[in-house]
Amino acid sequence: MLVGEDKSIHQACKEAGITDVTYYCWRKEYGGLKGDQARRLKELERENQRLKRIVADLSFEKATLKDATELKLLSPERWRKEYNTVWPHSSLGRPRAPAVINPKPHALEQAVTMQ
């Protein structure tokens, strides 16, 4: 920064377009770090936040599944109601029904002739 160029902190901050308070907050947080170290620290903080969100989502899903296994068997209507209250909060989204496999015509003919 410009402080090393024989300028006061106030003058250097004014030229950089930041307040003195911002400078002191940055100095407190990144005091002994060089530029590349400060960037790496920020990257690690972002990664840490991302991982915390993932853990929170998985913890929620685990608790939801645990609660679901402890429930009594529900009627289809009640199950649908419970499911529809839970799935919007899940990061996995709605499960998809398996695709129906259409057998080839000759496979059906073989099955009929074998009987």
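In which helix do lysine 42 and glutamate 45 both lie, and how many residues apart are they? Both belong to helix α3, where they are three residues apart, about one turn of the helix.

The model is predicted: local features need pLDDT of at least 70, side-chain atom pairs count only at pLDDT 80 or more, and totals for chains, interfaces and linings use all residues. Residues are numbered from 1 along each chain as its sequence is written, and side-chain values use heavy atoms, with hydrogens and water left out.

The chain contains five helices and zero strands, helices being DSSP runs of H or I with at least four residues and strands runs of E with at least two. Of its 115 residues, 7% count as buried (under 20% relative accessible area; exposed is over 50%, partly exposed in between, with a 1.4 Å probe and protein chains only).

Three salt bridges are present, each defined as a side-chain nitrogen of Lys or Arg within 4 Å of a carboxyl oxygen of Asp or Glu.

| Salt bridge | N to O distance |
|---|---|
| Glutamate 43 and arginine 40 | 3.5 Å |
| Lysine 42 and glutamate 45 | 3.6 Å |
| Arginine 50 and glutamate 47 | 2.9 Å |

Helix α3 spans residues 35-70 and also holds glutamate 43 and arginine 40, as well as arginine 50 and glutamate 47. Lysine 42 is partly exposed at 34% relative accessibility, and glutamate 45 is partly exposed at 33%.

The structure also holds one aromatic pair (ring centres of Phe, Tyr or Trp, the latter by its six-membered ring, within 6.5 Å; planes under 30 degrees apart are stacked, over 60 edge-to-face, the rest tilted). Tyrosine 23 and tyrosine 24 form this edge-to-face pair, at 5.2 Å centre to centre and 75° between the planes. Tyrosine 23 is buried at 12% relative accessible area, whereas tyrosine 24 is partly exposed at 41%.
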